[in-house]
Amino acid sequence: MSDALIPSGPSNSSANDWAARSRAHVWHPCTQMQDHEREIPLLPIAAAEGVWLVGHDGRRYLDAVSSWWTNIFGHRHPRIVARLKAQLDTLDHVIFAGFTHEPAVKLAEQLCTLAPAGLSRCFFADNGSAAVEVALKMSAHYWRNLGQANKSKFIALSNGYHGETLGALAVGGTGMYRDAYAPLLMQPIYVPSPDCFERAPGASWEDHTRQMFRHMEAALARHAHETAAVILEPLVQCAGGMRMYHPVYLSLLREACTRHGVHLIADEIAVGFGRTGRMFACEWAEIRSPEIKPRGGAQRPREAAIETPKRACVSPDFMCLSKGITGGTLPLAAVLTTDNIYQAFYDDYASGKAFLHSHSYTANPLACAAALATLEIFAEQNWHAQNRGLGHLMWMGASDLLSHPHVAEVRQQGMILAIELAKNPNKREPYPAAERRGLRVYRHALNAYADWGVVLRPLGNVIYFMPPYTITPEQIGQMCRVAIEGINQATRD
Ligand SMILES: *Cc1c(COP(=O)(O)O)cnc(C)c1O
């Protein structure tokens with residue numbers, strides 16, 4: 001890493017200044033601000049390059065959580081930086097109602113080409129929660145346009161997470177984020193999560209997942225007449241502690257949603273763009289019902305480069321994308337949907353069927369240019385094959401923890417590896433939340449070495465790796481070592 005990154009000279013205020021000034025006037029997200037007085041340092045970052053964040057004092061932090069899961073190719077990737085600078089010299093922003101532009105058109109075309117079959121329309125928004133709001137509204141509005149306004153409820157999984165605006169929060173199933181706002185939120189129909197951490201001893205992931213699907217089938221049988229859509233995170237409930245399930249759930253769900261006349265919303269905001277080992281997590285799920293196979297018949301999904309023709313995987317009715325879409329540079333989101341849904345809104349103006357949702361920064365050209373650069377990087381090489389190798393190294397580096405006296409599970413899906421700490425792993429007895437064991441690991445990891453550390457921001461008792469795909473084997477080794485030391489420290493007493 002170059003020294004040029006570390007700012008110097010008169011403008012180089014000390015790290016303590018920025019932390020103090022931030023505490024004085026900034027309200028940080030997802031934070032009990034008092035923690036920053038005592039428990040957790042507020043870390044001012046001056047610069048970033050590749051997998052590293054750099055403090056004003058020159059300390060480096062390995063960004064093992066990809067800056068909240070957004071940064072898939074490392075910070076300031078040269079191609080994204082170049083594309084963004086060029087875009088800034090051409091077109092900064094333009095109202096997207098009544099106007100269009102090259103970056104948005106190209107991006108919509110490319111996303112529709114990459115997405116599972118049938119997703120041929122792209123609606124832009126500017127963050128993940130907004131994308132979820134769009135999908136929920138579009139789904140209910142679709143049924144209304146068809147004369148079935150009673151289909152306005154949503155089925156959601158326990159322990160799911162879909163963002164924090166009121167609609168997105170409402171369909172989330174993690175009490176921690178939701179409880180304080182419960183009176184403000186619409187009530188979804190909850191179905192127990194297929195989360196395989198909860199499987200019975202000896203049960204396979206697939207068996208457990210199939211068993212749990214019975215709850216979904218029952219909910220659909222009972223509520224389909226009043227339900228617009230089922231929403232879920234394919235394969236990994238990320239904010240809910242990186243809890244994972246078998247892709248057969250998606251296959252069964254696709255078939256059941258079609259049979260019951262209910263939309264399927266796949267929230268790929270965290271798991272999309274290669275994170276699970278395929279471009280989209282839905283690609284792990286094979287089509288089950290013969291009726292919805294694309295022409296040419298079903299093929300087995302297979303690992304493939306970006307330009308591979310569409311695989312016979314499950315296609316949701318809505319796919320929400322954000323986070324990694326711009327390589328972690330600018331906020332952007334997209335909701336992909338089908339021509340069938342689009343057509344239900346397409347009519348004479350007087351019909352009043354139009355989808356009137358809008359955000360000021362819809363399809364911001366800079367964000368679209370960053371997303372196009374991100375897709376170019378994907379197209380340059382077979383990242384999925386490379387990530388298989390990196391994922392294997394993460395497993396080799398962390399799987400010793402399987403025999404640790406306070407580790408209940410080490411689980412992995414592609415470039416997500418999660419370590420579940422527990423007071424008594426055999427009984428799956430968690431540490432009390434108040435003990436904040438994960439936070440101890442976090443603090444240890446930040447301070448691991450004299451001049452560098454690792455960002456292992458925990459989810460309660462879960463420590464996880466979700467690094468940029470540009471991480472090196474050596475850095476994976478360092479990350480794993482720091483995590484293991486931190487876990488040893490944090491579970492000592
Ligand atoms: C992060 C996330 C969201 C919300 O995205 P924001 O851009 O933070 O609003 C929604 N769904 C999932 C699965 C997420 O991980």
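1. Salt bridges come to 22 in this predicted model; the term covers a side-chain nitrogen of Lys or Arg within 4 Å of a carboxyl oxygen of Asp or Glu. Residues are numbered from 1 along each chain as its sequence is written. Because the model is predicted, local features need pLDDT of at least 70 and side-chain atom pairs count only at pLDDT 80 or more, while totals for chains, interfaces and linings use all residues; side-chain values use heavy atoms, with hydrogens and water left out.

2. Have a look at E409 and R411, which form a salt bridge with their closest N and O atoms 2.7 Å apart. E409 is buried, at 9% relative accessible area, and R411 is buried too, at 2%. Here buried means under 20% relative accessible area, exposed over 50%, and partly exposed in between (1.4 Å probe, protein chains only). Both residues belong to a salt-bridge network that also links D195, E198, R199, R243 and E420.

3. R437 is worth a visit as well. Its side chain meets that of E435 in a salt bridge of 2.7 Å, N to O, and R437 forms another with D493, where the closest N and O atoms are 3.5 Å apart. R437 lies in helix α13 (residues 437-446) and D493 in the segment after α14 (473-490), so this pair ties together parts 56 residues apart in sequence. Helices are DSSP runs (H or I, at least four residues), strands likewise (E, at least two), numbered from the N terminus. As for accessibility, R437 is buried at 5%, E435 is partly exposed at 26% and D493 is exposed at 62%.

4. Now the rings: the structure holds 17 aromatic pairs. The centres of F273 and F280 are 5.6 Å apart and their planes stand at 70°, so this pair is edge-to-face. Rings of Phe, Tyr and Trp (its six-membered ring) pair if their centres lie within 6.5 Å; planes under 30 degrees apart count as stacked, over 60 as edge-to-face and the rest as tilted. F273 is buried at 1% relative accessible area, and F280 is buried at 0%.

5. F273 also pairs with F378: the centres are 6.4 Å apart and the planes at 35°, so the pair is tilted. F273 sits in the loop between β10 (263-267) and β11 (318-321) and F378 in helix α11 (residues 365-380), so the pair ties together parts 105 residues apart in sequence. F378 is buried, at 2%. One aromatic cluster takes in F73, F273, F280, F378, W383 and Y469.
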